[in-house]
Amino acid sequence: MRRKTMCSLDIARFAAKELCGKNLTDADLWKSIRQRTNLSKSTRSFLWKIYHDAYKIGEYWRNIPDLEHRSQCSFQPTCTGEETMEHILLECQESLATNHLWKMAKSLWLQRELQWPRITYGTILACNTADFKTRGKTQAGKNRLFAILISETAHLIWKTRCERIFDRDNLQGTAHTRRELENKWTQCINTCLKLDILQTNRSKYGKKAIKESVVLDIWKGILKDKGNLPKEWIQQSSVLVDIKSC
């Protein structure tokens, strides 16, 4: 196993201890990012590549002649940090996406929960190991919502970084606006909700269908017009998540 992969596993293991109170093995951590019920295909791939340090950023460019500058943050010269994945997802103060999208995730979470957990690089890697409990009973819906918010937010920050650099040529003034970011994140989370609703269709998915009670538990308290939703709202395609601008 590569040294950097081992380091990622150790970072995730430390965070998982906070999230679930257990000392997880490497096998447990790999299993957590393969679980299809909580993570989308794209976020599973994203997390797997982070664990393996598969993205060509930061240190990758440091010893390549004439390309050493690519190891630095893409917001240079205003940000002088090295462009590690941790820097991109959590640390860069020049990135509106890094700062604003986590605020949106926190805001949505606090609509139904009392406290937003501390988000670290390890939390992102181990997001699907969370085991929140009430009176000793696991809260499956809360666990799944947490995994969705953390994985999708981190992945969107990465995607907007790549879009700015490769599609917009990283020119001055091409960074995403607050409105653009909010629209992208809103669409992303609502897509997760709609996919959950679609997967309750037993005639289509059979034994692989998600129980309606599970979907209700995941999304309760954070839907638009939650006080006026019909009793069978899970059968309504027009239901949306109540996302507020931060």
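1. Basis of the note. The model is predicted, so local features need pLDDT of at least 70 and side-chain atom pairs count only at pLDDT 80 or more, while totals for chains, interfaces and linings use all residues. Residues are numbered from 1 along each chain as its sequence is written, and side-chain values use heavy atoms, with hydrogens and water left out.

2. Helices α7 and α10. Helix α7 covers residues 140–167 and helix α10 covers residues 212–219; helices here are DSSP runs (H or I, at least four residues), numbered from the N terminus. Their axes come within 8 Å and cross at roughly 65 degrees. An axis is a line fitted to C-alpha atoms over the stretch in contact, and angles run from 0 to 180 degrees between N-to-C directions. The crossing of α7 and α10 is right-handed, a term for a near helix turned clockwise from the far one by less than a right angle.

3. Residues joining α7 and α10. On the α7 side, Ala140, Gly141, Arg144, Leu145 and Ile148 take part, and they meet Val214, Asp217, Ile218 and Trp219 of α10. Contact means heavy atoms within 4.5 Å. These residues comprise six nonpolar, one polar and two charged. In this scheme Ala, Val, Leu, Ile, Met, Phe, Trp, Tyr, Cys and Pro are nonpolar, Asp, Glu, Lys and Arg are charged, and the others, Gly among them, are polar.

4. Helices α5 and α8. The axes of α5 (residues 96–109) and α8 (residues 178–198) lie 10 Å apart, at an angle of about 45 degrees. The two helices are therefore oblique to each other; angles under 35 degrees count as roughly parallel, over 145 as roughly antiparallel, 65 to 115 as roughly perpendicular and the rest as oblique. The crossing of α5 and α8 is right-handed. Leu96, Ala97, His100, Leu101, Met104, Ala105 and Leu108 of α5 meet residues of α8 including Trp185 and Ile189. The contact divides into nine nonpolar, two polar and two charged residues.

5. Cysteines. A disulfide is a covalent bond between the sulfur atoms of two cysteines. The rule applied here requires a pair of cysteine sulfur atoms within 2.5 Å, and the count comes to zero disulfides. For Cys7, the nearest cysteine sulfur, that of Cys127, is 20 Å away. Cys73 is buried, at 3% relative accessible area, whereas Cys7 is partly exposed, at 38%. Buried means under 20%, exposed over 50% and partly exposed in between, with a 1.4 Å probe and protein chains only.

6. His87. This residue lies in helix α4 (residues 85–91) and is buried, at 7% relative accessibility. Leaving aside residues up to four places away in sequence, His87 touches Cys73, Cys79, Gly81, Glu82 and Cys92.

7. Arg168. The loop between α7 and α8 holds Arg168, which is partly exposed at 23% relative accessibility. Beyond residues up to four places away in sequence, its contacts are Glu163, Thr174, Ala175, His176 and Glu180.

8. Leu24. In the loop between α1 (3–20) and α2 (26–32), Leu24 is buried, with a relative accessible area of 13%. Leu24 and Thr129 are 105 residues apart in sequence, yet their C-alpha atoms are 9.0 Å apart. Thr129 is also among the residues that Leu24 touches.
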